[in-house]
Structures are given as C-alpha cells and as structure tokens.
Amino acid sequence: MTDLTFTLLRLGYLVLLWVFVLSAIGVLRRDLYGTKITPRKGRKGASTPAARPSAGAAAPAPEPARPAAPAGPSRLVVTAGPLTGTTIPLTTSSILIGRAPSCTLVLDDDYSSSRHARIFPQHGTWFVEDLGSTNGTYVEDQRIGQVTPLSIGTRVRIGQSVVELQR
C-alpha cells in the first residue's frame, strides 16, 4: 500500500469519526433541551385591533342568554404527570396527544410516542384510540387495542401522564 493510499484512508477515517461525534452531540443536545415549543396562533384572550372598541364607540350590546350547559364533558384535564392542571376545552374536533409539536396536547415524556393517542367525539360520545404507540394507552389500568368509549371521570394514562374528561 502506498503512502498516499494510507494517508487518504486515515483522513477518511478521521472525517467519519468527526461525523459520528457531531451526530452524537446533536442527539444529546435534543435530549437535554427537548423540542422547541412554539406558541400557537389564535389563543383565547388575545385581543385584536378590530375587537377593541374605540373611545367614541358605544358600549357593545349585552350577550344573549346562553343555553344550559351540556350534560357531557366540556374539558380534558391532565390530573397526573408533568403537566398536571393543564386544561383543554372540548369542541367538535379531536385531540391528538403525544410528543410531536403538532399535537394538541404536547407531552414532554420519554414514555409517550410522538403521536401516541387520539381522543375524539362521535355521535355525542367521546372515544380514545391508541395510535400504535410503543408503551400503549391505558384506560382505568387496562391497556387498550381498539377504539374505547370514555365517560366523565375515566382515567386515561399516556406515558407518565393521566388525563380525564370533566364537566
């Protein structure tokens, strides 16, 4: 083997070693600092210039009487885990739970998958569905493998967090 070949092999090995070291540092950095959580647009309570009354404008008309509260759940509450106390109002859309920033409820939990579970309404009833997570979704300490109906107060464990539907 010539000196040139031997030198090129050594330089190639050195470059490969540096690529490995830098990728390991990147993985450690993501594990230490977690995912970057960006604020979501359209938060409740954010005032826009069009929503603020001007100084010369008359007071807005009073709101019409609201109908009685529905008998079903109105919010999803995290009752245990790192996000204890977090509340998500229930609407007609589904709630995606996991580690991915695109989820409705973002969990910073090593035991949850990026898209772990989905809670959704259908015909007036709320259901939970495991989305193929590694560690599973548990309803009242029972691992689920199919779409399962939820009632008010039913505990759903996803990783280290426990959520439940409340009025």
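Strand β6 (residues 125-130) pairs with β9 in the antiparallel sense over 3 bridges, where strands are DSSP runs of E of at least two residues, helices are runs of H or I of at least four, and both are numbered from the N terminus. Two strands count as paired if DSSP finds at least two bridges between them. Within this pair, Val128 stands opposite Thr148 in β9. This is a predicted model, in which local features need pLDDT of at least 70 and side-chain atom pairs count only at pLDDT 80 or more, while totals for chains, interfaces and linings use all residues. Residues are numbered from 1 along each chain as its sequence is written, and side-chain values use heavy atoms, with hydrogens and water left out.

**Sheet of 5 strands**

- The pair β6 and β9 belongs to an open sheet of 5 strands with mixed pairing, in the order β4-β3-β5-β6-β9.
- β4 (105-106) and β9 (148-150) are the edges, each with a single partner strand, so one side of each has no neighbour in the sheet.
- Strand β3 (residues 95-98) runs antiparallel to strand β5 (residues 117-122), joined by 3 bridges, and Ile97 stands opposite Ala117 in β5.
- β3 and β4 run parallel and are joined by 2 bridges; here Gly98 stands opposite Val106 in β4.
- Ile95 and Ile97 point one way from β3, Leu96 and Gly98 point the other way, and all are buried, meaning under 20% relative accessible area, with exposed over 50% and partly exposed in between (1.4 Å probe, protein chains only).

**Sheet of 6 strands**

- A further open sheet has 6 strands in the order β2-β1-β11-β10-β7-β8, with antiparallel pairing.
- Its edge strands, β2 (87-89) and β8 (142-143), each pair on one side only.
- β7 and β8 run antiparallel, joined by 2 bridges, and the bridge partner of Tyr138 in β8 is Arg143.

**Ser133**

- Ser133 is placed in the loop between β6 and β7 (137-139) and counts as buried at 9% relative accessibility.
- The side chains of Ser133 and Asp130 are joined by a polar contact of 2.6 Å, that is, a pair of N or O atoms within 3.5 Å; within protein, one must be able to donate a hydrogen and the other to accept it, and residues adjacent in sequence count only if both atoms are side-chain atoms.
- The Ser133 side chain also reaches the backbone nitrogen of Gly136 at 3.1 Å.
- Leaving aside residues up to four places away in sequence, Ser133 touches Ser113, His116 and Arg143, a contact being heavy atoms within 4.5 Å.

**Helix α1**

- Helix α1 (residues 3-33) has 31 residues, which at 1.5 Å a residue should span 45 Å; its end C-alpha atoms are 45 Å apart, which agrees. The expected span is 1.5 Å times one less than the number of residues.
- The number of buried residues in α1 is 0, so the helix lies largely in the open.
- An unreviewed UniProt entry annotates residues 6-28 as "transmembrane region"; such annotations may be inferred rather than shown by experiment.
- Over residues 6-28 the chain is 100% helix and 0% strand, with the end C-alpha atoms 33 Å apart.

**Whole protein**

- The protein has 1 helix and 11 strands.
- Of its 167 residues, 26% count as buried.
- Among contacts between residues at least 6 apart in sequence, 38% join residues at least 24 apart.
- The protein exposes about 12400 Å², of which carbon and sulfur atoms supply 59% (Shrake-Rupley method, 1.4 Å probe).
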